[in-house]
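Subject: The structure for you to look at

Hi,

Here is the structure I promised to pass on. Please open it next to this email and follow along as you read.

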Amino acid sequence: MTTRKRKNLSLPQSESADGEPPKRLIQSQSDTNTADHHHHLSPYFSMKVPVRLSHSFFHQPCVDLAKAFLGKVLVRKLTDGTELRARVVETEAYLGGEDKASHSAGGKRTERNTAMFMKPGTIYVYPIYGIYLCMNVSSQGEGAAVLLRSLEPLSGQDVMRGLRAAKRKAGAKTLQDKELCNGPSKLCQALDIQRCFDRRDLATDTEVWLERDPERETVPAGEVVSAHRIGVESHGEWATKPLRFYLRGHPCVSVLNRDADRQMRSQSSTDPLTVS
């Protein structure tokens, strides 16, 4: 992992009103050292400016948003100014009132799930087992939201490792990078996503936001696997609906579905996903 500090990237540009990223490039310090400069950068970094995703991105139906999240970069800015970055590689869609596995099933509103009924892009953080947290983001649709299930760490892995270690037993083995964020509660620990983030606006918040990957605007549909969600086995037909989406073959995915992977390989397509 490179230790070179990134310049002029702390405050990413927002999208324009129409959702298109502004066309601007970061210039290197001199033309004579451009090649050397590029050689030392992580593959994640490029001459393109990271673009923070605006409200227009989140105004999509739940399934579309769950797929559109794949490949995007979640950024967490800590109190000391450190920015942690991780690429979204796995999500789950919860469709609101009709979805019996959703917290908002039957249109039920509670103090806990209020964020699911707020405008698209609202963060919904809830506790499980009394000690862990999960992060979701509301979409179009009454009570609908997308669960962020797994991320690929891109920068700040040592900090993430320390945050995870603080929640683990003394003497536990050191986590590999791919193990830092490969689960909904793990990613909340690694990025220090707190309960107080609930009901915040992911499009405008100063401590956590979503960016386009400067290296990749879209994810080919042939790379996205659709499978059943995890941990909803008691919800009848909704337990088997293919509402979990992940990048095929990615090592950071929490749970692989071999049958879905094989089916995807047999009907692989190169058509890109449409993103806002």
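Below is a short tour, going from the whole protein to a few places in it.

A word on the source: this is a predicted model, in which local features need pLDDT of at least 70 and side-chain atom pairs count only at pLDDT 80 or more, while totals for chains, interfaces and linings use all residues. Residues are numbered from 1 along each chain as its sequence is written, and side-chain values use heavy atoms, with hydrogens and water left out.

**The whole protein**

The protein has six helices and ten strands (DSSP runs numbered from the N terminus: helices are H or I with at least four residues, strands are E with at least two). Of its 276 residues, 48% are buried; here buried means under 20% relative accessible area, exposed means over 50%, and partly exposed lies in between (1.4 Å probe, protein chains only). Among contacts (heavy atoms within 4.5 Å) with a separation of 6 or more, 67% are between residues 24 or more positions apart.

**The cores**

Which residues have the most contacts inside the largest nonpolar core? They are F58, F69, L74, M135, L202 and L210, in a core of 52 residues. A nonpolar core is a set of buried Ala, Val, Leu, Ile, Met, Phe, Trp, Tyr and Cys residues joined through side-chain atoms within 4.5 Å. Another core, of twelve residues, lies apart from the largest one, and Y94, F117, L147 and V232 are among its members.

**Strand 10**

Strand 10 covers residues 244–247, and both of its faces are covered: R244 and Y246 are buried on one side, F245 and L247 on the other. Strand 10 runs antiparallel to strand 4 (residues 83–94), with three bridges joining them, and T91 stands opposite F245. Strand 9 (residues 224–227) is also antiparallel to strand 10, through four bridges; there, V225 stands opposite Y246. Strands count as paired if DSSP finds at least two bridges between them.

**Salt bridges**

Side chains of opposite charge can pair when their charged atoms come close. A salt bridge is a side-chain nitrogen of Lys or Arg within 4 Å of a carboxyl oxygen of Asp or Glu, and the whole structure holds 22 of them.

- E92 in strand 4 pairs with R149 in strand 7 (residues 145–155), 57 residues apart, with the closest N and O atoms 3.8 Å apart. E92 counts as buried because its relative accessibility is 0%, and R149 is buried at 10%.
- D99 and R229 form a salt bridge with the closest N and O atoms 2.6 Å apart. D99 sits in the loop between strand 4 and strand 5, R229 in the loop between strand 9 and strand 10, 130 residues apart.
- K241 and E237 form a salt bridge too, at 4.0 Å between the closest N and O atoms. Is E237 buried or exposed? E237 is exposed, with a relative accessible area of 53%, while K241 is partly exposed at 27%.

**One last residue**

M116 lies in the loop between strand 4 and strand 5 (123–128). M116 is buried, with a relative accessible area of 4%, and touches residues including S102, Y124 and A145.

How values were computed:
Lists of a residue's contacts leave out its neighbours within four places in sequence.
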